[in-house]
Amino acid sequence: MFFDLMRQLYMPTFFIEQFGCRATQADGAALERQLLDRGCTSAPTPAVADIIVVNTCTVTASADAQARDAIRKFHAANPAVRVIVTGCYAQRAPEELAALPGVSWVVGNSHKPHIPQLVDSLSPSAPAESANGFFPASALHSDSTAPFHSFVGAQHAAPHLGKILTGNIFDRTEFLSAPVLGGEGNHTRPTLKIQDGCDSRCSYCVIPFVRGKSRSLPPDAVVREIQHLAKTGYREIVLSGINLGTYGRDLSPRVEFEDLLRRILDETAVERLRISSIEPLDVTQDLVDLFASTDRVTQHFHMPLQSASDRILAAMHRWYRAEHYARRVELIHERLPHAAIGADVITGFPGETGEDHAATLAFIQRLPFTYLHVFSFSKRPGTKAAALSNEVPGAAIKRRARELRALSEKKSATFRQSQIGRTLRVLTLRHGHPDQQSQKDTTPALSSNYLKVRVNGSLPANRWFDVLISGEAENALMGELFLSCSASSASLR
C-alpha cells in the first residue's frame with residue numbers, strides 16, 4: 001500500500017524518441033498508451049522529461065549511428081535524465097548501447113512490453129533496490145539464437161552489462177501495437193500495425209532476428225481498432241506490418257489478408273484504407289481485383305524490388321525473379337492504370353556488377369513505376385551478406401544510387417504530368433499557408449494514388465475535396481476545387 005501511495009504522489013514524465021519504420025513507431029505508440037494509462041505524463045520535449053525512451057532501428061549502420069548520437073545529446077543536455085533504450089538495435093547489440101553514458105537500461109524487443117513496469121522502478125518514489133531487483137537476474141541476458149552474441153552471465157562481466165534486459169526474440173508471442181496518430185498530415189492519417197516479425201531470411205536483412213517470427217493482430221482486434229478510429233473521425237487509415245502479406249498465416253484458424261480487408265470494408269465505416277509495403281508474391285489477382293472494386297481502398301502499391309538482376313536476387317535470397325515481379329506491376333497497371341506503384345531498391349549488394357546495375361535501371365525504366373526508395377547496401381552484423389567478400393567500392397555505390405534516384409525523379413515527374421487535367425479526390429492534411437511562389441493560400445492534400453496536391457485556398461484539415469489538377473510545382477500537383485453541386489456538398493461533410 002505504501003508503494004501504491006507513493007506511485008500516486010509521483011509518476012515520472014516521459015518522452016519517446018522514435019527511429020525507424022512504421023512498425024517501430026507503432027511499438028512506441030503502444031508504449032505511450034500504456035505509460036499514460038499508468039498515470040505517467042507525456043513531456044512535450046525531451047528537455048523536461050524525467051525518463052526518455054529511445055526506440056531504435058537497426059536496418060542500416062546509419063540508423064545505429066543516429067540512435068547513438070541522440071542518446072549522447074540527451075545525456076549532455078540533461079545528465080540527470082534516465083534513458084531507456086529499446087527497439088531493434090537494442091535487441092541486436094545491447095552491449096554497445098549499455099556502454100553509452102546516461103543509459104539506465106537497454107531493453108530488447110523481447111522485453112519491450114515490460115517497459116511500463118521498468119519506468120515504475122526508475123521513478124523517485126520507487127524503493128532503491130527496485131531498478132535492479134524488479135526483474136529476476138535470469139532475465140538480464142540474451143539467449144537468442146545465432147548470429148547474435150550470448151550474454152549469459154554477462155551482467156557479472158562488466159558493470160554496464162547489468163543494465164541489459166533482453167532475451168530470445170523467437171519466444172516472443174505478445175503483439176505490441178497502437179495506432180500511430182502523429183506525424184505527417186496533422187494527425188489525419190493514423191497508421192495501425194496489424195502484423196509483426198518475419199519468417200523470411202533475406203541475406204542482407206537483420207529484421208527477422210530482432211523482431212522474431214511472423215505474428216498477427218487477431219482480426220477482431222483489427223476491426224475494433226479501425227471502428228474506433230473511424231468513429232473518432234479519422235478518414236484514412238494505413239495498415240502496416242513487417243511482412244504485411246503474411247498476415248493471418250500464424251492464426252488458428254488461418255486468416256487470409258484479402259479476407260481481412262473485406263471484413264474491414266464490411267464491418268467498419270473507414271472511408272479510405274491504405275496498405276503499406278507488401279511483398280510482390282503476395283500481390284495476387286484477387287488482391288488487385290479487390291483494390292479495383294472499391295474507392296475505399298487506395299490505388300497505391302509499394303512492393304520491394306531490391307534488384308532486377310536475377311543473379312543478385314538469388315544471392316539476396318529473394319523468393320522471386322525479375323519477370324515474376326514484372327507480371328505483378330503489369331497486372332496492377334492493367335486493372336488500375338492510374339495507381340501509384342513504388343519500390344525499394346538496394347544498390348551495391350556484394351557482387352553487384354555494372355551489368356547487374358544496368359539491368360535494374362532498364363527494368364525500372366520500362367515499367368510504370370511512379371517512385372523509388374533507394375538504399376545503399378549496409379552490412380548488418382550476423383547476416384549472411386555481411387560475410388561476403390566481394391564488396392562493391394563505395395564510390396560505385398554512390399554513383400549507382402545517384403542514377404537510381406535520378407530515374408526515380410524522372411518516373412515521378414512523368415506520373416505527375418499524366419494526372420494534369422484529371423479530377424482527383426484528395427484528403428486535406430493540414431491547414432493551408434501562403435504559397436511561396438504565388439502568395440496565395442494553399443492547402444496540402446494527398447490523393448488515393450499517393451500524390452501530394454496543393455489545393456488553392458485555406459481549407460480545413462481531414463476533409464475530402466474533389467480537385468481539378470491544373471499543373472505542378474516543387475514536386476507537387478496544383479489544383480482547384482471542382483465545384484459541381486454533388487461534389488462540393490459531399491466534400492464539405
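This is a predicted model: local features need pLDDT of at least 70, side-chain atom pairs count only at pLDDT 80 or more; totals for chains, interfaces and linings use all residues.

Entry 1, a helix pair. I looked up helix α10 (residues 257-267) and helix α11 (residues 285-293): their axes come within 10 Å and cross at roughly 20°. Axes here are lines fitted to C-alpha atoms, for helices over the stretch in contact, with angles from 0 to 180 degrees between N-to-C directions. That makes α10 roughly parallel to α11, a label for angles under 35 degrees. From α10, the contact (heavy atoms within 4.5 Å) is made by Phe257, Glu258, Leu261, Arg262 and Leu265. From α11, Asp286, Leu287, Leu290 and Phe291 take part.

Residues are numbered from 1 along each chain as its sequence is written, and side-chain values use heavy atoms, with hydrogens and water left out.

I found 13 residues in α14 (residues 354-366). Which residues of α14 are buried? I listed Asp356, His357, Thr360, Phe363 and Ile364; buried means under 20% relative accessible area, with a 1.4 Å probe and protein chains only. Seen down the axis of α14, these buried residues fall within an arc of 125°, so they line one face of the helix. The arc is taken from the directions from the helix axis to the C-beta atoms. They pack against α12 (310-315), α13 (322-335), β12 (340-347), β13 (371-376) and α15 (394-419).

Technical notes: Helices (H or I, at least four residues) and strands (E, at least two) are DSSP runs, numbered from the N terminus. The expected span of a helix is 1.5 Å times one less than its number of residues. Buried means under 20% relative accessible area, exposed over 50%, partly exposed in between (1.4 Å probe, protein chains only). Angles under 35 degrees count as roughly parallel, over 145 as roughly antiparallel, 65 to 115 as roughly perpendicular and the rest as oblique.
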